[in-house]
Amino acid sequence: MIDIFNKCKDINSILEAGHEAIARDEVIKLLDYMQSQKLEYSTIVNHLIRKVGLFPYINPETAMWQDRLVYELFKVDIGGTEQVTLHREQSRLLKLLLDGENIAVSAPTSFGKSFVIDAFISITQPSNVVIIVPTIALTDETRRRLYEKFSDEYKIITTTDVELSNKNIFIFPQERVSFYVNQLKNIDILIIDEFYKASSEFDKERSPALIKAIIQLNNKAKQKYYLAPNISSLSENVFTQNMKFVKLDFNTVFLERHNIYEDINKGLTTKEYKLLDVVDEKIKTLVYAGTFTEIEKITDLLLTSPIDNDSVLLADFSKWLISNYSDLWNLPKLVKKGIGLHNGRLHRSLCQIQIKLFENKDQLSTIISTSSIIEGVNTSAENVVVWKNKKGNANLDNFSHKNIIGRSGRMFKHFIGKVYLFETPPLSDDTQLNLEFPDNLLFDIEDNYIERDLTQDQIAKIMSNNEELSNILGYGTYQQLLKNNAFQSCNIERIIEIAKNIYSSPKSWKGLLYLNSNNVDKWSILYRILKLQPNVAGIDYKTFVQFVKELSNNWALTIPELLNRLCSYNVDVNTFFTLERNVTFKLSAILNDINIIQKAILKSEKIDISPFISKVSHAFLPPVVYLLEEYGLPRMISKKICMSGVIDLENPKLGIHEAIDIFNHIGENTLCDIILGLDSFERYILNYFYDGISSIKCA
């Protein structure tokens, strides 16, 4: 038993010695103990909570009047029906934003940065808010939060080709910025989440697109708010000029580290035994595997363990996965044990459903993940296991390691997050964020504010590249394409390579026209495209081309039927996810750039493969069906809705917002009653889907 009074005395002494961070950790540990013992906060405990700045934790019913006053004074409207008390540093950030400051902030994962965004929108009522997030998964999570609070006043835009309203909140990854940059005349606030990804040191693949987005939007934004975790300093750069860098080491939870690797290295235990021990506790646990190979190892281990779960809902989920995906897949077997899988390959709706089940008390207790869990969602757990110090092929650096373990603990749920380290962690160091202009960025230097901050070598290279493309495409044509943000690639070297190839052998590209044919045997031009850009396929060309041909039946056939037709090519369900992603993102992007360039060069041919590109970018599904998956509605249920004659989701002119309006007009209960062949788990999915498209006013 802890003597609460004496513990409070000790904490107060730490405070008086000037060690607030240590005192705050001790307060959090004390609150965790009191919660476990169901003890009511005394006035002295409430007072210490106030002194360390954790105002939301104050219990106003047992606090002295001065502390109750602070609890009330720090309440703000964050949208919705109730006001929320901010902690001291959240309030500090909000005040800076309300004062009109441009801020680049580094704060821990558990800080609660979203409250600041929501409060700013609610208080200032801006007309146009642009929020750039790193992944589509995070797009939906952010959309759900803001839709519930602000959809009665704002149009929440996450997809392309949506007509703007008087007041808009845009939420999308950096790749979608170009679709709206010319429509946005002004932005009241530009918010970039995880802005460290603009550095190639942290995300080589995405950094050029994010840098380009920043360049395109910076001058349109009246105010900027960039967020990242665990950044120690920010180097001088053009992208964050005139922004105040605010570094906050303000934790709202305490991380309890367990160095399991020490016993493993001594031979006192094994990784396998200890993982089973942690998972068997059925406490909410995120297992960071590091690589897909390690996910398979962990999966094999857990499938042979006696761990089980008696949830009827999870049993229904398992059956649904087998019926709609594959009976050879490991996920249905894991789900029955209360274990989920999260990675960037899975269909978006599948990841969202698993996170929902993970956040439910008695459903999934464990999720095995790659880095997608730190990049794609904002979920937290009581336990975090770092199984492997890898991030793909690279070693896990200290920055990423901090991001992963920062997923442990959550305000009001887990005061203490337990971190289990199965390998020796990276050496701790300070992280300076360096944002630099990529030399190969597709960029129009004319009339651009950034020119003055480039080196002479960079300017010379940009001018040389632009001159080369102007000579091939024609100066006026090239400038118009830049102005219209026509290219999906940010890499000018790739654009030049395509342009040279089409310019030097125009006759060999006439086969592009056949892509508009429904006869898949005429799609042999795909081989030429893959040879031009080998990284598009991610697999041998023959398998990839055959996959594209079979995927053209994506709406007519089920995934098990497609897998059966692809079995001779060794395409299992995991490969299916990877290849479909490559088709919708990589192939559609290169086809778009090829189409634009060939139209500029082969003017007399009048070839336009836009119809095929649209099909590819939507995985050969009806466009609104594909977009609804981002909202958490799987294609299988969309097909049942369509076949029941409730909503014509096959209509190519039906936009996502019009579809959402129809769904809300019909209502969840009525829709469930009408759809033919709807099983119990699909009703659960529809309930989750409706949660994400219903505002407070509609609820």
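This report describes the confidence, the core and selected helices, strands and residues of a predicted protein model.

Because the model is predicted, local features need a pLDDT of at least 70, side-chain atom pairs count only at pLDDT 80 or more, and totals for chains, interfaces and linings use all residues. Residues are numbered from 1 along each chain as its sequence is written, and side-chain values use heavy atoms, with hydrogens and water left out.

**Confidence and core**

The pLDDT, the predictor's confidence in each residue on a scale from 0 to 100, averages 92 over the protein chain, and 98% of the residues score at least 70. Helices (H or I, at least four residues) and strands (E, at least two) are DSSP runs, numbered from the N terminus. Confidence is lowest in helix α15 (residues 372-375), with a mean of 68, and highest in α22, at 98. Where pLDDT is low, the predicted coordinates should not be read in detail.

A nonpolar core is a set of buried Ala, Val, Leu, Ile, Met, Phe, Trp, Tyr and Cys residues joined through side-chain atoms within 4.5 Å. Buried denotes under 20% relative accessible area, exposed over 50%, and partly exposed in between (1.4 Å probe, protein chains only). The largest such core holds 242 residues, of which Y225 and F663 touch the most other members. Helix α23 supplies the largest share of this core, 13 residues. Contact means heavy atoms within 4.5 Å; beyond residues up to four places away in sequence, the residues touched by Y225 include L93, L97, V105, I191 and M243.

| Helix | Residues | Buried | Exposed |
|---|---|---|---|
| α17 | 456-473 | Q458, I459, I462, N465, N466, L469, S470, I472, L473 | Q456, D457, E467, N471 |
| α4 | 65-73 | D67, V70, Y71 | W65, L73 |

The buried residues of α17 fall within an arc of 165 degrees seen down its axis, so they line one face of the helix; the arc is that of the directions from the helix axis to the C-beta atoms. These buried residues pack against α18 (475-483), α19 (492-504) and α23. Just after α17, G474 takes a positive phi of about 100 degrees.

In α4, the buried residues D67, V70 and Y71 cover an arc of only 100 degrees around the axis, which puts them on the same side of the helix. Their cover includes α3 (43-51), β1 (75-77) and β2 (83-85).

**Strand β4**

All five residues of β4 (residues 128-132) are buried, so the strand is largely enclosed by the rest of the structure. N128, V130 and I132 lie on one side, with V129 and I131 on the other. Two strands pair if DSSP finds at least two bridges between them. Strand β4 runs parallel to β6 (residues 168-172), joined by five bridges, and pairs in the parallel sense with β7 (residues 189-193) over four bridges. I132 stands opposite F172 in β6, and its bridge partner in β7 is I192.

**Residue L566**

L566 lies in the loop between α22 (559-565) and α23 (573-601). L566 is buried, with a relative accessible area of 1%. Leaving aside neighbours within four places in sequence, L566 is in contact with Q546, F547, E550, V571 and F576. The C-alpha atoms of L566 and T543, 23 residues apart along the chain, are separated by 8.8 Å.

Technical notes: The expected span of a helix is 1.5 Å times one less than its number of residues.
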